[in-house]
Amino acid sequence: MHHWKRMAASGCGQFWNNSSLTVKARELRVHKHDFTIHEAHQLLKKRELSSVELTKAVLERIHRVENKVHSFITVTEDIALFQARQADERIKAGDISPLTGVPALIKDIICTKGVKTTCASKMLENFVPPYDATVVERLKSAGMVMMGKGNMDEFAMGSSTENSAFFPTRNPWDLERVPGGSSGGSAASVAADEAIYSLGSDTGGSIRQPAGFCSVVGLKPTYGRVSRYGLVAFASSLDQIGPLTKDVTDSALVMNVIAGHDPRDSTSVNQPVPDYTKSLIPDLKGLFIGVPKEYFVKGMESGVEQVIRQAISKLEELGAKVEWEVSLPHTLYALACYYIIAPSEAMANLARYDGVKYGFSAKEAENMWDAMEKTRQYGFGPEVKRRIMLGTYALSAGYYEAYYLKAQKVRTLISREFAEAFKKYDALVTPTSPTVPFKIGERVDAPLEMYLSDVCTLPVNIAGIPGISVPAGFVDGLPVGMQILGKPFSEETLFRVAYTYEQATGWHKRRPKL
Amino acid sequence: MHIAKLARLGLTEDEVEKFREQLSNILENFEILKQVDTTNVPPTFHPVALTNVLRDDEVAPSYPPKEILANAPLEEDGCFRVRAVLE
């Protein structure tokens, strides 16, 4: 039933004026919760659907499947209904933009005024931000309906959402498996139709890897494209906020709202924002795509490799010129480089949790130092402690040059190698992750193995370039994501490649049975 | 143990033992970086080459102290209350 509606609603680039959609949708008696942003927008605009109706349908869906998936740390039902009524007022007054009245989930690391923002940590279990992140402010002005806050690995450290201090999120495609991480709640909620779209954050793959694991579209924009103001800091030179959506069109629509310069984030780049929907062109003619062989790593599952090679052949078939044997030799060092830089920055950023200004504070203590240690002992989970230790080591006297400085030099070489490749290629295509979603519990006590699941995504953050993951097929019913990379501020090229592939294959129309 | 102290994590002995093993294993894998020749390569501390970003020195509304202090574990007379640093 779900597939039929999605097919009826697609049709290359015709979504804005497809007047037959409503009729077809009604004939097929589809569920309102599985609309994309652009499908919902069309009905809202014609006033054939109200935001309150849509919001209630999504809330009902949450009530029905959330006990299986566990995407949400907080469901903000009252706020959602209030914002939906406000959106309906606006629409009545003729004030509507593509996101007006559409339900969304926000990862719980992005500050929301008056709504708990926990980072899935006991440290911030009761933290209520006094302000909105810039992205939330922008979405609110566009008429967002906030359904709640998404589960994640504590402080975004992890690749499976098992490091949440509260509970793990489950993969809607197989409830015994992880949804990926750290934005696991953001990805699972969209795949399970508990939100029409969501925001995540990506420091080493935290948007793209869960998007791949849950068969949704996830974009990590160029560093500096989206404001980080109000994003709780993990590794400041790597973090970036981006959308997780049901298709590429929706990703472009969310980027149109959240991208742009923000004087409150000194690292946000002052460059004009294009209308990203203009790059949704189903044609790859004239594009030169490279396939870096180092991303087909040792230990990669053969099923995943097969799916990705088929997907790349499809790009060739669709008109792209493909170079199959590109070499980026420094890719080999990206994992070590990342796991020195990210923990070093994290250790400095997390020094602020001292139990004085906000967050958990141990009351029973002998003196100031004892209070601080007890606060951090109780407030942080094992992975956060592990990374603080790693960062402290890499920055400590005697090791700074051998680890931290060395890693920053290797970072230069990795960035140069990408820059060189993008002189020749418009885009690079790789797997998003070397495996399909793994079983819950499988890697919890093997940190190094867990780190390996980000091996294809983290070089991208090291260089600050953009990357998108799109659904590329399945192995035994489990999703596989294809990653497309480009030079800084080339999101339009990524959207074009992703859109063409999506429209030609239709993998995004498949929904998990829940 | 020295690192654990620097990080102010209040680790238990069991945790120290577990982390020691895991971190040695991780650090061993990082030895791979030694293979890379970085002679004359400058470090990249940031992906975007930015110089200092300054704003004009203008008076703008700030957050009300009451809202900021609402999350404070201990508060007194509009200030954060802390334990004695020197005893």
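Since the model is predicted, local features need pLDDT of at least 70 and side-chain atom pairs count only at pLDDT 80 or more, while totals for chains, interfaces and linings use all residues. Residues are numbered from 1 along each chain as its sequence is written, and chains are lettered from A, with ligands numbered from 1, in the order in which they are written.

**The sheet in chain A**

Let's start with the strands. Helices (H or I, at least four residues) and strands (E, at least two) are DSSP runs, numbered from the N terminus. Two strands pair if DSSP finds at least two bridges between them. In chain A, 11 strands make an open, mixed sheet, and the order across it is β1-β3-β2-β4-β6-β5-β10-β11-β9-β7-β8. At the edges sit β1 (72-75) and β8 (321-326) of chain A, each of which pairs on one side only. From one strand to the next, the twist averages 25 degrees; angles here run from 0 to 180 degrees between N-to-C directions, with axes as lines fitted to C-alpha atoms.

| Strands | Sense | Bridges |
|---|---|---|
| β1(A) and β3(A) | antiparallel | 3 bridges |
| β2(A) and β3(A) | parallel | 5 bridges |
| β5(A) and β6(A) | antiparallel | 2 bridges |

Strand β3 covers residues 145-150 of chain A, and 6 of its 6 residues are buried. "Buried" means that 20 or more other C-beta atoms lie within 10 Å of a residue's own; 12 or fewer makes it exposed, anything in between partly exposed, and C-beta atoms are placed from the backbone. In β3(A), A:K149 is the bridge partner of A:T74, and A:G148 is the bridge partner of A:L105. Over in β6(A), A:T245 partners A:V217.

Helix α13 (residues 382-395) of chain A has 14 residues and reaches 20 Å from first C-alpha to last, close to the expected 20 Å. It's mostly covered too, with 11 of its 14 residues buried.

A nonpolar core is a set of buried Ala, Val, Leu, Ile, Met, Phe, Trp, Tyr and Cys residues joined through C-beta atoms within 7 Å. The largest one has 152 residues, and A:A104, A:I110, A:C337, A:I340 and A:A498 have the most contacts inside it. Its largest share, 11 residues, comes from α11(A).

Contact means that the C-beta atoms of two residues, placed from the backbone, lie within 7 Å. Not counting residues up to four places away in sequence, A:I340 touches A:A394, A:Y403, A:Y404, A:A407 and B:F30. A:N349 is also found in helix α11 of chain A; this residue is partly exposed, with 18 other C-beta atoms within 10 Å. Leaving aside neighbours within four places in sequence, A:N349 is in contact with A:A233, A:F234 and A:S236. The C-alpha atoms of A:N349 and A:F234 are separated by 6.4 Å, though the two residues are 115 residues apart along the chain.

Chain B has 3 helices and 2 strands, in the order α-α-α-β-β from the N terminus. Its radius of gyration is 23 Å, well over the 12 Å that the globule rule gives for 87 residues, so chain B is more spread out than a compact globule. (The radius is taken over C-alpha atoms, and the rule is 2.2 Å times the number of residues to the power 0.38.) The C-alpha trace of chain B spans about 55 × 45 × 25 Å along its principal axes, and 13% of its 87 residues count as buried.

How many residues of chain A are in contact with chain B? There are 54, in contact with 42 residues of chain B. On the side of chain A that touches chain B, α11, α12 (368-379), α13, α14 and α15 of chain A each give two or more residues. Of these, α14(A) gives the most, with 11 residues.

Terms used. The expected span of a helix is 1.5 Å times one less than its number of residues.
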